[in-house]
Amino acid sequence: MKKENLTLGSSSCILGPERHNEEGFKAYRDAGIKYAEFSCCHNLNQIGFYETPEKIYLAAKENGVEFTSFHLPFSKNISFSNPDKETRLLAEEKLKKTMDVAKSIGIKLMVMHPSCSNYEFYPERKPLFDQCMHHIGNMYEYAEKADVTLAVENMTGKGLLGIPEEMIPCLKEFPNLKMCFDTNHCKHLLPEEYLDALINENMKGRIAAVHISDYHLKEEEHLLPGEGEIKWDKITDKLFALEFKGIFMYEPGVKKDTGERYSAKEVADNFINVILRK
């Protein structure tokens with residue numbers, strides 16, 4: 001596979017909750033972006049997702065935009081690293097309910113944070129990892145029965161599954177589980193080194209989703225490619241080596257100088273000028 005064959009997508013996080021509507025997805029259409037990850041994690045109630053998901057689905061469809069994945073919600077309480085068992089069980093129910101609603105509008109790939117970075121709840125990491133694996137297993141079984149694909153995301157900081165030594169055993173434990181590789185979440189090693197570890201363990205075909213943004217190789221910043229220090233040719237080469245065939249899904253945050261969201265046009269132009277280098 002060559003870079004020219006990459007397909008651009010953009011997380012709907014660039015719209016903010018107020019523009020998950022006709023206006024927002026018209027901006028995608030005008031920029032030539034046909035694919036999106038539905039990502040309004042902290043504002044699903046605000047946008048009426050649980051009551052009228054078809055309203056947002058139609059706003060996208062009428063502008064030629066297809067949701068190819070859904071980012072499940074996350075927080076300190078919607079986290080499998082929370083020390084309270086009842087809170088974790090409620091988190092499972094919340095995620096399952098959200099998964100069902102996303103499936104009802106045709107989305108079949110669910111991206112899930114396995115934890116937050118509240119690792120300090122335990123003096124030792126293994127009990128926390130074992131706890132997290134238990135809940136991932138429950139979500140995996142639910143996704144299998146629902147005929148949707150679950151992709152766990154590598155976490156930033158010291159969050160669980162932030163390192164290959166935890167992600168790889170998880171992928172091996174659940175054969176149909178996929179991974180979402182976030183280029184901004186590699187704190188302990190370079191993004192290409194994380195991908196090398198997956199290559200060395202023959203994890204071909206296990207990355208179903210990617211979150212594309214740049215940073216200065218320390219703390220996550222979610223900049224546009226070229227604004228940080230990631231070497232993008234290395235990333236694309238290694239994704240191809242892992243037989244990644246999904247959407248090159250941009251997930252930028254906000255501009256550091258103004259705090260404004262990046263526009264769909266800025267995303268599309270960046271893909272052409274930095275990734276494809278046309």
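Buried residues are those with under 20% relative accessible area, and the term is used in this sense in the legends to this predicted model.

**View 1. The eight-stranded barrel of the predicted model.** The strands follow one another as E1-E2-E3-E4-E5-E6-E7-E8 in a closed barrel with parallel pairing. From one strand to the next, the twist averages 30°. Helix H8 (residues 264-275) packs on this sheet, where it touches strand E1 (8-11) and strand E8 (248-250), and the direction of H8 makes about 125° with that of E8.

View 2. Three bridges pair E1 with E8 in the parallel sense, and Phe-248 in E8 is the bridge partner of Leu-8. Towards strand E2 (residues 35-38), E1 pairs over two bridges, again in the parallel sense, and here Ser-10 has Ala-36 as its bridge partner. The two strands form a right-handed β-α-β unit together with helix H1 (residues 22-31).

View 3. Strand E3 (residues 66-71) is mostly covered, since five of its six residues are buried. E3 pairs with E2 in the parallel sense over four bridges, and Phe-67 in E3 stands opposite Ala-36, the residue of E2 that is also the bridge partner of Ser-10. E3 is joined to E4 by two bridges, the strands running parallel, and His-71 stands opposite Val-111 in E4. The crossover from E3 to E4 passes through helix H3 (residues 85-104) and is a right-handed β-α-β crossover.

**View 4. The pairing of strands E4 and E5.** Strand E4 (residues 109-112) runs parallel to E5 and is joined to it by four bridges. Val-111, which stands opposite His-71, also stands opposite Ala-151 in E5.

**View 5. Helix H5 and the elements that cover it.** Within helix H5 (residues 164-173), the buried residues are Pro-164, Glu-166, Met-167, Ile-168, Cys-170 and Leu-171. An α-helix has 3.6 residues a turn, so residues three or four places apart point the same way.

Note on methods
Residues are numbered from 1 along each chain as its sequence is written. This is a predicted model: local features need pLDDT of at least 70, side-chain atom pairs count only at pLDDT 80 or more; totals for chains, interfaces and linings use all residues. Side-chain values use heavy atoms; hydrogens and water are left out. Buried means under 20% relative accessible area, exposed over 50%, partly exposed in between (1.4 Å probe, protein chains only). Two strands pair if DSSP finds at least two bridges between them. Axes are lines fitted to C-alpha atoms, for helices over the stretch in contact, and angles run from 0 to 180 degrees between N-to-C directions. Contact means heavy atoms within 4.5 Å. A crossover is right-handed if, with the strands pointing away from the viewer, the path from the first strand over the helix to the second runs clockwise.
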